[in-house]
Amino acid sequence: MSIPTPFHTEPSLDDPKVEKANLTLLQDKYKDRYTTFSKEKLYANEDVYLYQGFWYRSKGLVSLPTLLAAQETFQANPNDIYLATLPKSGTTWLKALTFAIVNRTKYKNNSLLAHPLLISNPHDCLPHIENEVLRTRPTYVDLSSPRLFATHIPYPLLPRSTIDYGCRIVYMCRNPKDVLISLFHFVNKLVEKYYGQLTIEEVFERFSKGITPCGPYWDHVKSYYEASLEHPTRILFLTYENMMNNTENNVKHLAEFLGYPFTKDEQDNGVVQEIVKLCSFENLSEVNKHGNVRDGPEKNTFFRKGKVGDSSNYLTSEMSAILDQITKEKFHGLNISF
Ligand code: PAP
């Protein structure tokens, strides 16, 4: 089988300071647009705005300015592949697996080239659309085909060309209770200096009302689930739990969908297992103990426990029952299970 030229992320030539300055420019450019949108408090005193049914912060990488800029300026190519998630649903893992699958020949056959996932964070190997719009010289300009991108943008808000070109999309969703607990820890670790320590009650209250960045959770998941039913060959819908339960089979399925199926030889020689191991929580959390990702947070903030069901250690039975009930109602008639 001939494998197309693999995607490779070259470090952007932009200084991160330039991207920060570009973010400020975008915030200024769009602020008059979103001040008219409905708003709510997210945590502490921060406002989130309702844009076409989804809540967005006004600051940061995943925010209205970067979303609006992506909608206006991001240009898809027909054979691009997009990895979509709501934050804390398995983005880092999905990025690692996809990067490892697509680039496996390149690094296997070159003993001089260290595998990027052994030295870098998956977020630095595969760019988010929302970050690309901040780059004066976007990563994607130089990329060979197929280009790989990730995004937290809900399906109906994706830049139009991704839909018009029928680009392939892999979506990963996760049990909302585990997403909430992962988010709770992430927010407390990352933004304590702005918000102070948040309580579970505060985060639960917002999340269960649908007020979470890029949420409501249920609408985000539903948007991709329904699109995957409509376009089954173009949109692959995965769950974190299923991936955890049977990683090897899911990795094989993912590789086929991406257009990089494992040959019989590869399967006989344990290549699938090597990729699973390379992208495992144990390996990646060890590699990412120190340092920061290119766009800011400490690398280790993306690795906490990597388990299914950890929410039971934090949510009261009442909170758990409320979330179960909302999920049952919102996902009624949909074949989504965790
Ligand atoms: P992001 O959307 O901000 O990039 P994301 O990667 O979706 O975050 O979520 C982080 C969660 O994925 C963490 O879950 P936890 O808080 O419940 O532990 C993190 O531990 C988990 N995670 C990261 N890498 C892996 C991996 N290789 N395998 C399994 N889970 C992982």
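I started at the ligand and found a polar side-chain atom of Lys88 at 2.8 Å from one of its oxygen atoms. I count N or O atoms within 3.5 Å as a polar contact; within protein, one atom must be able to donate a hydrogen and the other to accept it, and residues adjacent in sequence count only if both atoms are side-chain atoms.

A note on the source: this is a predicted model, where local features need pLDDT of at least 70, side-chain atom pairs count only at pLDDT 80 or more, and totals for chains, interfaces and linings use all residues. Residues are numbered from 1 along each chain as its sequence is written, and side-chain values use heavy atoms, with hydrogens and water left out.

Next I looked up which elements give two or more residues to the shell, and got α3 (91–102), α12 (240–245) and α16 (281–287). Helices are DSSP runs of H or I with at least four residues, strands are runs of E with at least two, and both are numbered from the N terminus. The largest share, three residues, comes from α3.

In total, 22 residues surround the ligand, and the closest are Thr91, Thr92, Ser182, Tyr240 and Lys305 (near means a heavy atom within 4 Å). By class I have nine nonpolar, nine polar and four charged residues. Here Ala, Val, Leu, Ile, Met, Phe, Trp, Tyr, Cys and Pro are nonpolar, Asp, Glu, Lys and Arg are charged, and the others, Gly among them, are polar.

**Back to Lys88**

Lys88 lies in the loop between β4 (81–85) and α3. Its phi is positive, about 75°, although it is not a glycine. Most residues other than glycine have a negative phi, so I made a note of it. Is Lys88 buried or exposed? Lys88 counts as buried, because its relative accessibility is 14% (buried is under 20%, exposed over 50%, partly exposed in between; 1.4 Å probe, protein chains only).

The charged end of Lys88 sits over the ring of Phe186, 3.3 Å from the ring centre. That call needs NZ of Lys or CZ of Arg within 6 Å of the ring centre and within 35 degrees of the ring normal. Arg174 does likewise over Tyr240, at 4.0 Å.

**Rings**

I searched the whole structure and got 17 aromatic pairs. Rings of Phe, Tyr and Trp (its six-membered ring) pair if their centres lie within 6.5 Å; planes under 30 degrees apart are stacked, over 60 edge-to-face, the rest tilted. Tyr155 and Tyr224 are edge-to-face, 5.5 Å centre to centre with 75° between the planes. The two sit 69 residues apart, Tyr224 being in helix α11 (residues 217–230). Tyr224 is buried at 0%. Tyr171 and Tyr224 are stacked, because their planes are at 10° and their centres 4.4 Å apart. One aromatic cluster holds Tyr155, Tyr171, Tyr224, Tyr225 and Phe237.

**Last checks**

I found a cis peptide bond between Gly215 and Pro216, omega about 10°. Ala44 has a positive phi of about 45° and is partly exposed at 44%.
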